[in-house]
Amino acid sequence: MQQSFTRESYSLFSLEIGKSETTFNSVSQILDHLKSCIEADPAATFIATFDHHTHTSTLPNGQIHEEIEAASNIIFCFGFTLPTPQAMALRPRSIGVVELPESFYITFMEAPMPVANTAMESWARAIQNRETTGAEA
C-alpha cells in the first residue's frame, strides 16, 4: 500500500441552525430536503443515508456526546469528472446532519470542485428557512 498526500487540503463547512430558524423538526426531515436537492441536480446522484447515531449506540464501546440527539449522513456523488484513480478516495460526498437540544448542525467536507461546494452550501443554507426576531432568537 502506498500513502500519498494531495496538493490540496480540504476544509469543513459547518452551519448551526437554531430550531427557531427552520421549519424542519427532525434530522429525517432535513435528510428528505437534502435528498430532494440532490435528485433535482442533474450532476448529482443520491446513494444512501446512514444513521450514525443508531450505529454508534449499538456498539459495545460506542460513545455519543450527551447533547447529540440524532446524527445521520446523506451520501451522494457529483459526476462531473473522474480525473485520476486517486480521485476515488475523495468520493462520494457526504453531508452530516446532527440534532442538538436547541439546533441542527450541518457539516460537509470541502469538495475539490467549487461548483459542488456552491451546491452543497446552497442546500444547507436553505434549511435556515424561517426569519427570527430578537425575541425568538
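Visitor: What makes K19 count as lying over the face of F104?

Guide: In this predicted model, K19 lies at 5.5 Å from the ring centre of F104, and because a charge sits over a ring only if NZ of Lys is within 6 Å of the centre and within 35 degrees of the ring normal, the pair qualifies. The charged end of K35 likewise sits over the ring of F46, 4.5 Å from its centre.

Visitor: Why is the pair of F13 and F108 called stacked?

Guide: Five aromatic pairs are counted; in that of F13 and F108 the centres lie 5.0 Å apart and the planes meet at 5°, and since planes under 30 degrees apart count as stacked, the pair is stacked. F13 belongs to strand β1 (residues 12-18) and F108 to strand β5, so the pair ties together parts that are 95 residues apart in sequence.

Visitor: How do you know whether F108 is buried or exposed?

Guide: F108 has a relative accessible area of 4%, and buried means under 20%, so F108 is buried, whereas F13, at 25% relative accessibility, counts as partly exposed.

Visitor: What makes the buried residues of α1 line one face of the helix?

Guide: The buried residues of α1 are V27, I30, L31, H33, L34, C37 and I38; seen down the axis of α1, they fall within an arc of 160°, so they line one face. On the other side of α1, D32, E39 and A40 are exposed, while the buried residues pack against β2 (44-51), β3 (70-78), β4 (93-99), β5 (103-109) and α3 (114-125).

How values were computed:
Residues are numbered from 1 along each chain as its sequence is written. This is a predicted model: local features need pLDDT of at least 70, side-chain atom pairs count only at pLDDT 80 or more; totals for chains, interfaces and linings use all residues. Side-chain values use heavy atoms; hydrogens and water are left out. Buried means under 20% relative accessible area, exposed over 50%, partly exposed in between (1.4 Å probe, protein chains only). Helices (H or I, at least four residues) and strands (E, at least two) are DSSP runs, numbered from the N terminus. The arc is that of the directions from the helix axis to the C-beta atoms. Contact means heavy atoms within 4.5 Å. Rings of Phe, Tyr and Trp (its six-membered ring) pair if their centres lie within 6.5 Å; planes under 30 degrees apart count as stacked, over 60 as edge-to-face and the rest as tilted.
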